[in-house]
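Trainee: I am new to this one. Can we go through it piece by piece?

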Amino acid sequence: MEQVYLICRHRETPNIHQYDVYVNEAEGYKGLQKALALGRDEVINVVKASGLRGRGGAGFPTGVKWGFMPKNVQGPVYFVVNCAEGEPGTFGNHEIIENNPHQFIEGVIIGAYAIGATTAYIYHRGEFKFGAEMIQMAVNDAYANGWLGKNIGGTDFSLDIYLHPEASAYICGEETAQLNSIEGYLGQPRLKPPFPAQAGLWKRPTTVNNVETLAHVPAIIRNGADWFRQWGSEKSPGTRVYCLSGHVTRPGNYELPMNVTARELIMEHGGGIWKGHGIKGFIPGGVSAPILTEAHLDTVMDYDSLQAAGSMGGSGGCIVIDDQTDIAWLAKKMVDFYQHESCGKCSPCREGTWWQKNLLDRMMMGMGRAGDVEMLEMVSEQMNGVCFCPLGESSQGVVLGAMKYFRADFEQYGLGRAYDGVIPLGEITHGYEEAPAGGVKGNAMEAVEAVRSSRAH
Amino acid sequence: MLLAQRRETVDEILSHYPEKRAALMPMLYEAQDVYGYLTDEAIREVALILELDATEVYAVSQFYSLYYHQPMGKYIIRFCTDMPCALVGAEWAYQQLLDILGVQNGETTPDGLFTVEHAVCLAACGSAPVLQVNRQFFENMTESKMRHLIDIIRTSGLPQDGPALRHLPRTADTPTGF
């Protein structure tokens, strides 16, 4: 299956980030013009008919989400764009905003028009310094050419777009945490309901959409729903930017129709497993998606097929793992991330990730005790279904998912054996305060011995 | 100091939001830029501008990773060691960087130029190992490239940031990882 550039058009049209090039060579802002002529309801209908689903993680139909917004409300309505890309394994938005920002901004304006918003906030990663400059440049160009500001295209529709920088917190990718963060509170999730469409930013109707989702919108409006449906599957139409990373020969972004299989993505586009190794598993939707094995390689990479296979489409980040990798170590790296990024609001996540990390740390250091694997399993199961938001749920899901297929990798750490790769001991906090800061190379057993002997004194 | 030096920027940021409090995050970036890091005085001034308690400002600033509460080096290097990067050797590479600079995680070089810390996912996993210097990306890091980068910064500062073709798939002759 060949790549189709609906989003990554900068690969076919050089300098598409320049306003003139975008307008003259890439039908720029034609989608917005058409949207303004169609009217709000028809724009929502076209996007509904196209079957476009949110590319951020949940895969919720975008047109339906827009349809939830109340009609003819008095007072402000807000549009929030989630550009807080930070799911390990995902880097699609990063490429879009740096290289094709106008298409994204046009999508933002159409989306804001459809939901009746007059202010849009683009909540971007603090780390995307250059990306934010590119977005701001596109926004300035749009203002200068009458696509933003008062009475856009001679209609009664007015819109302002502001950039809001976040400062590196994974939880702020969750939509209600993002709203709290914009309002200036701690970026912790809110209870739903009320959903943002009823009470979002400053308790006003709000829609939150992902960058890649919105970048699809201009072409869908321009060419119609059927055009979009020529790619992908019935329930997951269109293309998606798959981010390939890990033990693959050619990592990078690949924009492919959503009916591509994992085998095609990894083996053909990615060039197969690096160094001629075999494949042990792959994580199909960013670090939050449970790991799948070689047996799942023919799974279609759309939302429903991956869910049926026991994982999820998530953010589209496909992480490939070769047969030399220790899955217990992999789980430790993932749990490190969740433990660091847990916002502390609910105890199942705050304490659960702490215990997961503590157990995996001591297993890796050769201080594992009999029953540690079972305890890790028990802790993870106790988190299942009781965490406040998907962050904690992901942490238990990835550990239990890894244990389901690779339990032997965990059990080898039962007694005494330590991981002999690199363990940055500076990161290991709980219960091992004496460990040397900075980390050790080689066999972690030596470090453990050092700790033990220092304890003996 | 923030108001004295950046009155226009402060007013511009405040104009984006219906409530002053919402300007907190962009304002903390500005304060950090002016004061060097978030000193108690910086926190108090932001609180004053936004009509908040200093405690509230402090709490929010502690929630995120990019606000600093102690003096930092002129160049802050953040190195991703998350799982996708670690798969291709980012933990080794990070250790090499620490060795090159002769510091440990979180420390600043004695000349005050570099502070090094590990970061959570920087959203550039396809070109791992990856680091940021003052929020500018440098990708596909190897030991020799990191030595080169440090030399360049020491002699002539940060190279200009630019549009990246870096997410394009690598060619066959591009070395992968380590």
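This is a predicted model: local features need pLDDT of at least 70, side-chain atom pairs count only at pLDDT 80 or more; totals for chains, interfaces and linings use all residues.

Trainee: Which residues of α3(B) are buried?

Mentor: A residue counts as buried if 20 or more other C-beta atoms lie within 10 Å of its own. In α3(B), the residues that pass are Ala42(B), Ile43(B), Glu45(B), Val46(B), Ile49(B) and Leu50(B).

Trainee: Which exposed residues does the face turned away carry?

Mentor: Look at the face of α3(B) that points away from its buried side. The exposed residues there are Asp40(B) and Glu41(B).

Trainee: Which helices do the buried residues of α3(B) pack against?

Mentor: The partners belong to chain B. They are α1 (2-14), α2 (24-35) and α4 (54-63).

Trainee: Now chain A. How do the axes of α2(A) and α6(A) cross?

Mentor: Helix α2(A) spans residues 30-38 and α6(A) spans 101-115. Their axes come within 9 Å and cross at roughly 10°. Angles under 35 degrees count as roughly parallel. That is why α2(A) is, relative to α6(A), roughly parallel.

Trainee: Which residues make the contact?

Mentor: From α2(A) come Gly31(A), Leu32(A), Ala35(A) and Leu36(A). These residues and their partners divide into six nonpolar, one polar and one charged. The α6(A) side supplies Glu106(A), Ile109(A), Ile110(A) and Tyr113(A).

Trainee: Which strands stand at the edges of the sheet in chain A?

Mentor: The sheet is open, with four strands in parallel pairing, ordered β3-β2-β1-β4. An edge strand has a single partner, so one side of it is left without a neighbour in the sheet. Those strands are β3 and β4 of chain A.

Trainee: What is the bridge partner of Ile122(A)?

Mentor: Strand β2(A), residues 119-124, runs parallel to β3(A), and six bridges join them. In β3(A), the partner of Ile122(A) is Leu163(A).

Trainee: What gives the most to the side of chain A that touches chain B?

Mentor: The contact takes 61 residues from chain A and 47 from chain B. Several elements of chain A each supply at least two residues, including α5 and β9. With six residues, the element that gives the most is α13(A).

Note on methods. Residues are numbered from 1 along each chain as its sequence is written. Chains are lettered from A and ligands numbered from 1 in the order in which they are written. Axes are lines fitted to C-alpha atoms, for helices over the stretch in contact, and angles run from 0 to 180 degrees between N-to-C directions. Angles under 35 degrees count as roughly parallel, over 145 as roughly antiparallel, 65 to 115 as roughly perpendicular and the rest as oblique. Two residues are in contact if their C-beta atoms, placed from the backbone, lie within 7 Å. Ala, Val, Leu, Ile, Met, Phe, Trp, Tyr, Cys and Pro count as nonpolar, Asp, Glu, Lys and Arg as charged, and the others, Gly among them, as polar. Two strands pair if DSSP finds at least two bridges between them. A residue is buried if 20 or more other C-beta atoms lie within 10 Å of its own, exposed if 12 or fewer, and partly exposed in between; C-beta atoms are placed from the backbone.
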